[in-house]
Amino acid sequence: MRPADPKDALRQTIQSRRRKLASEEWSRADAARTELLLSALGDRPATVALYASRANEPGTHEAITQLHEAGWQVLLPVLGSSPRWAPFRGWQFMRRGWGEILEPSGPGREIAGIVQADVVVTPCLAVALDGTRLGTGGGWYDRALPHRRPGVPVWALAGADEVFDALPAEPHDVPVDRVITELGSHACAEAAVPGISAQRHGELS
């Protein structure tokens with residue numbers, strides 16, 4: 001019998017908690033995360049690899065719209081067996097792809113498309129202070145992120161109560177450099193901040 005994956009129980013707990021959040025709470029948290037994300041990216045347009053959020057996931061639609069209108073090139077995943085990316089050209093040019101996730105219509109770029117990104121913003125279920133990221137288990141971003149240019153930062157969007165002191169990690173896991181929650185932005189892999197855990201949260205600077 002295959003041993004239980006300690007990540008699976010945590011994934012189920014977080015996904016269940018997210019499903020129970022009221023839409024008003026999601027909206028307030030998304031608005032705060034969007035403001036912090038846009039502030040962190042700055043005013044000079046560049047290229048950002050983002051994701052088109054789905055239900056019960058930190059929202060990105062407003063950030064995508066604002067960045068696109070401000071002249072940024074926004075790359076979005078085209079999900080499949082190998083990671084591909086395509087530029088966002090407007091919501092009217094989006095379609096439902098794998099898992100009903102919105103993706104750009106038309107031909108997707110090959111995995112090398114992420115090489116253009118100056119920053120990569122990923123979804124997650126949780127993040128540890130050392131940068132360990134807990135995804136949904138498909139490994140898509142762990143396959144995609146090594147193809148970015150050296151030194152390009154990886155950020156994650158999460159709930160403030162999804163920032164942990166530590167998380168189970170495996171050798172193939174690609175860490176994130178920064179986590180942005182509705183309560184603040186915190187650079188990972190710095191000295192641990194005392195008191196932040198699965199139970200105590202909201203103390204990010």
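User: Where does Ser-185 sit?
Analyst: Ser-185 is in strand E12, residues 184–187. Helices (H or I, at least four residues) and strands (E, at least two) are DSSP runs numbered from the N terminus. This is a predicted model, where local features need pLDDT of at least 70 and side-chain atom pairs pLDDT 80 or more, while totals for chains, interfaces and linings use all residues. Residues are numbered from 1 along each chain as its sequence is written, and side-chain values use heavy atoms, leaving out hydrogens and water.

User: Is Ser-185 buried or exposed?
Analyst: Ser-185 counts as buried because its relative accessible area is 18%; buried means under 20%, exposed over 50% and partly exposed in between, with a 1.4 Å probe and protein chains only.

User: And what does its side chain make a polar contact with?
Analyst: The side chain of Arg-178, at 2.7 Å from that of Ser-185. A polar contact is a pair of N or O atoms within 3.5 Å; within protein, one must be able to donate a hydrogen and the other to accept it, and residues adjacent in sequence count only if both atoms are side-chain atoms.

User: OK, pockets now. What's the volume of the largest pocket?
Analyst: About 750 Å³. A pocket here is an open set of points on a 1 Å grid over the protein atoms alone, where a 1.4 Å probe fits, with protein on both sides within 12 Å along at least five of seven lines; lining residues have an atom within 4 Å of a point.

User: Which residues are closest to its centre?
Analyst: Of the 35 lining residues, those are Arg-54, Gly-135, Thr-136, Gly-137 and Gly-138. Helix H1 (6–19), E8 and helix H4 (140–144) each give two or more residues to that lining, and H1 gives the most, with 5.

User: How about the second largest pocket, what lies nearest the centre there?
Analyst: Leu-21, Ala-29, Gly-159, Asp-161 and Glu-182, out of 15 lining residues. The space in this second largest pocket is about 250 Å³. H2 gives the most to its lining, with 5 residues.

User: You mentioned E8. Which sheet is it in?
Analyst: An open sheet of 3 strands, in the order E8-E7-E10 with mixed pairing. Strands E8 (133–134) and E10 (163–164) are the edges, each pairing on one side only; two strands pair if DSSP finds at least two bridges between them.

User: How do E7 and E8 pair?
Analyst: Antiparallel, over 2 bridges, with E7 covering residues 126–128. Val-127 has Arg-133 in E8 as its bridge partner.

Methods: Grid points are joined across faces, edges and corners, and a volume is the space filled by probe spheres set on the points.
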